[in-house]
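Hi,

Here is the structure I said I would pass on.

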Amino acid sequence: VGLGIEVVFTACAERKKNLMGFSSVWYMPLYASLPIVFGFIHHQFFLWPWFARIFVYWIVGQFGEYTGMWVLRKLLGKSPSEEEYYRSGRSIHGLTRWDYAPVFMVVGFLFESLFRAKVL
């Protein structure tokens, strides 16, 4: 699900007619960890107000991407998105982008709804 969302997002973000999206198989462990994390936290966390959860999705999303991309940088020499992030001028050390905050918020709620529906 996460890789699919990323491919659609990158296709739309490119703003080209062919809508070619992309991702990396290296991101699979990051996305695969989300249902595990929700499994541990959902009993109390889903009772929080939406505005508190949206803040957590933003912080955890930024931290998770930064950490995951840092690990990939150490393993591969650079993360798969690093060059594109640096070119944007809105990256944090080439490991995450601060302008993706709304994306982390929306995707957090999307994954929450999939988890609640027992799809994840």
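Before the helix packing, one convention: an axis here is a line fitted to C-alpha atoms, for helices over the stretch in contact, and angles between N-to-C directions run from 0 to 180 degrees. Also bear in mind that this is a predicted model.

With that in hand, take α2 and α5: their axes cross at roughly 75° and come within 11 Å. Since angles of 65 to 115 degrees count as roughly perpendicular, α2 is therefore roughly perpendicular to α5. On the α2 side, the contact uses L34, P35, F38, G39 and H42, while α5 brings G108, F111, E112 and F115. By type, the residues of this contact split into 5 nonpolar, 3 polar and 1 charged.

Next, the pocket. The largest one holds about 1100 Å³ of space. Its lining counts 39 residues, with Y31, G61, E65, F104 and V107 nearest the centre. Helices α1 (2–14), α2 (28–45), α3 (50–76), α4 (82–88) and α5 (101–116) each give at least two residues to that lining.

Last, the aromatics: searching the whole structure turns up 9 aromatic pairs. One of them is F9 with Y100, which is edge-to-face because the ring planes sit at 90°, with centres 5.3 Å apart. F9 belongs to helix α1 and Y100 to the loop between β2 (96–97) and α5, so this pair ties together parts that are 91 residues apart in sequence.

Cheers

Terms used. Residues numbered from 1 in each chain as written. Predicted model: local features only at pLDDT ≥ 70, side-chain atom pairs only at ≥ 80, totals over all residues. Heavy atoms only, no water. 1 Å grid on protein atoms, 1.4 Å probe; cavity = no way out; pocket = protein on both sides within 12 Å on 5 of 7 lines; lining within 4 Å. Points joined across faces, edges and corners; volume = space filled by probe spheres on them. Helix = DSSP H or I, 4+ residues; strand = E, 2+ residues; numbered from the N terminus. Parallel < 35°, antiparallel > 145°, perpendicular 65-115°, else oblique. Contact = heavy atoms within 4.5 Å. Nonpolar A, V, L, I, M, F, W, Y, C, P; charged D, E, K, R; others polar. Phe/Tyr/Trp six-rings, centres within 6.5 Å; stacked < 30°, edge-to-face > 60°.
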